[in-house]
Amino acid sequence: MERPTQIEQQIELPFGESLRISFQSLKIRFGRSIITTAGITLGIAFLVSVWTNNEIDLAMQESGRTEQITSLEEEQEQGISTKDIWLIIMSLIVCVVGIANSMLMAVTERFQEIGTMKCLGALDRFVVRLFLLESGFQGLSGALIGALIGTIGSILLGLKNHGLDLFFYFPLLPANPEEAPMRLGIIVLILLGCILGMVLSVIGAAFPAWRAAQLPPAEAMRTEV
Amino acid sequence: MAETVVKTENVVKEYRMGTNVVRALDGINIEIARGEYISLMGPSGSGKSTLFNMIGALDGPTGGSVYIDGQDMSQLSRSQIAWFRCHRVGYIFQSYNLLPVMSALENVTLPMIFAGLSNRDRNKKGEELLNLVGLGDRTHHRPDELSGGQRQRVAIARAFANDPTIILADEPTANLDTITGREIIDLIRDLNRGKGVTVISATHDLKMLDVSDRIVDIRDGLVERIRNRDEIDIEVGEVGGH
Ligand SMILES: Nc1ncnc2c1ncn2[C@@H]1O[C@H](COP(=O)(O)OP(=O)(O)OP(=O)(O)O)[C@@H](O)[C@H]1O
Ligand SMILES: [Mg+2]
């Protein structure tokens, strides 16, 4: 009996299989997926609420409807205070760290799974693609919900501060870019929040997944959380 | 002498932990023939799992070579190693290592997906394998809905997914009670006989002795001795007498 002893190249996996496996993983692990996604939602909600809140205040300020409560000199020209800039930077940091942390946790607890898949013949890039798909979906849905929550929060706050006038001057669309290039409008801010959330989650998941896939399976499977 | 499937030449494995170097394997030379059932025995920390990882290409040796079917494993590309793990070896672990989100059938068919089998072929084959290990009625249960013994049966079915030439088992019965452990050993033994597959199993389990063709005793990263079946029978008698 002749049996081939030739070692061949491993074949590429069809994209449909990756898609199916990653969605199944999200679905069955629903509770855990929700917690990870909530981490993304929280980060983006905070970020977008700071952004949109700022946007609303600037719009109302411009409309002349509100007397400025804090009238620092620097604020008069730019329309944006150092305190606001500080808050925006802080919210960005909180968002980046929060999302990276929640993705890292979610991937690390699955190192053994990654090692096991490699034992069964998975190529590194198959493992990475699985996590790209999962985290991309979680990132998009988490960030979208977060952006909406953040915006609703800002609107409620705006209603409290400015009353119904808010809706007459609501900065839904970008302002004239020549006059105020930094005034992007609520829609663009929501979009930016979604993109940022998705990009951060994908990087936050794909990087540790790629590291784990590079490891010899024996090492990956030893990793305890 | 039958054809050699696995051959190790002076295999050394060192683990570096900061400035400390642990020499887990200190020059292992063994040859295993096709169809043999080999047990690796030895105290905890003697290097059984490390040797298991070297033979199964789950980690690379620090020195020496592992040959499978005459092929030097260190010469293979990453893609060829993936193919090798997929087609040539079936792994069975102490902690089962099933994918928790997948049903028994999906766990068994995953290596077949990696091998490129069609949906129809792999479901058919997966069901056959689950029948073979006595889990024909549990195909759609997920691991958390199965007992330890049943999980290990799924893992065994999965190990046979792509008709491997070697089955590597690292303490497959360590988490099971005596009777279930016995059943698992017998199952592996039957598959070894029926399919002519070579079995290499690390174990502390004395029940494993009387099904083994040879026993390799490992101590401090070295092969201490190799016993044949006829020598084993006597000792099993002794063990039973206690
Ligand atoms: N990844 C690792 N990093 C550092 N040291 C390791 C690693 N893996 C194994 N060792 C060390 O190598 C030696 C052999 O370990 P191994 O796991 O092979 O033993 P074993 O015979 O399988 O033991 P057991 O019966 O307890 O499973 C031990 O001293 C262990 O501490
Ligand atoms: Mg061990």
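Which residues in H1(B) are buried? They are B:Lys48, B:Ser49, B:Thr50, B:Leu51, B:Phe52, B:Asn53, B:Met54 and B:Ile55. Buried means that 20 or more other C-beta atoms lie within 10 Å of a residue's own; exposed means 12 or fewer, and partly exposed lies in between, with C-beta atoms placed from the backbone.

## The model and its confidence

This is a predicted model, in which local features need pLDDT of at least 70, side-chain atom pairs count only at pLDDT 80 or more, and totals for chains, interfaces and linings use all residues. Residues are numbered from 1 along each chain as its sequence is written, while chains are lettered from A and ligands numbered from 1 in the order in which they are written.

The model scores ipTM 0.90 and pTM 0.87. Chain B averages a pLDDT of 92, and 95% of its residues score at least 70. Here pLDDT is the predictor's confidence in each residue, from 0 to 100. Where pLDDT is low, the predicted coordinates should not be read in detail.

## Ligand 1 and helix H1 of chain B

Ligand 1 lies between chains A and B. Strand S1 (4–17), strand S2 (20–33) and helix H1 (48–55) of chain B are the elements that give two or more residues to its shell. Helices (H or I, at least four residues) and strands (E, at least two) are DSSP runs, numbered from the N terminus. H1(B) gives the most, with 3 residues.

The shell holds 13 residues, and B:Tyr15, B:Ala24, B:Ser44, B:Ser49 and B:Thr50 come nearest. A residue is near a molecule or strand if its C-beta atom, placed from the backbone, lies within 6 Å of it. By type, the shell has 4 nonpolar, 7 polar and 2 charged residues. Ala, Val, Leu, Ile, Met, Phe, Trp, Tyr, Cys and Pro count as nonpolar, Asp, Glu, Lys and Arg as charged, and the others, Gly among them, as polar.

H1(B) is mostly covered, with 8 of its 8 residues buried. Just after H1(B), B:Ala57 takes a positive phi of about 55°.

## Strands of chain B

In chain B, 4 strands form an open sheet in the order S2-S1-S4-S5, with antiparallel pairing. Two strands pair if DSSP finds at least two bridges between them. S2 and strand S5 (71–72) of chain B are the edge strands, each pairing on one side only. S1(B) and strand S4 (residues 63–68) of chain B run antiparallel and are joined by 5 bridges. B:Lys7 has B:Tyr67 as its bridge partner in S4(B).

A hairpin is formed by S9(B) and S10(B), with 2 residues between the strands. Strand S9 (residues 214–219) and strand S10 (residues 222–228) of chain B are joined by 6 bridges and run antiparallel. B:Ile215 has B:Arg227 as its bridge partner in S10(B). In this hairpin, B:Asp220 takes a positive phi near 50°.

B:Asn10 has a positive phi of about 50° although it is not a glycine. B:Asn10 sits in strand S1 of chain B. B:Asn10 is partly exposed, because 13 other C-beta atoms lie within 10 Å.

B:Asn97 is also a residue other than glycine with a positive phi, near 50°. B:Asn97 is found in the loop between strand S6 (89–92) and H3 of chain B. B:Asn97 counts as buried, because it has 22 C-beta neighbours inside 10 Å.

Chain A has 9 helices and 0 strands. Of its 225 residues, 43% count as buried. Among contacts in chain A with a separation of 6 or more, 86% come from residues 24 or more positions apart. Two residues are in contact if their C-beta atoms, placed from the backbone, lie within 7 Å.

At the interface, 25 residues of chain B are in contact with 25 residues of chain A. The largest share of the chain B side, 7 residues, comes from H2(B). That side divides into 14 nonpolar, 8 polar and 3 charged residues.

The largest nonpolar core has 117 residues; A:Val127, A:Phe131, A:Ala209, B:Ile92, B:Ile167 and B:Leu168 touch the most other members. Such a core is a set of buried Ala, Val, Leu, Ile, Met, Phe, Trp, Tyr and Cys residues joined through C-beta atoms within 7 Å. Helix H8 (residues 186–214) of chain A supplies the largest share of this core, 13 residues. Leaving aside neighbours within four places in sequence, B:Ile167 is in contact with B:Gly90, B:Ile92, B:Ala159, B:Ile188, B:Val197 and B:Val199.
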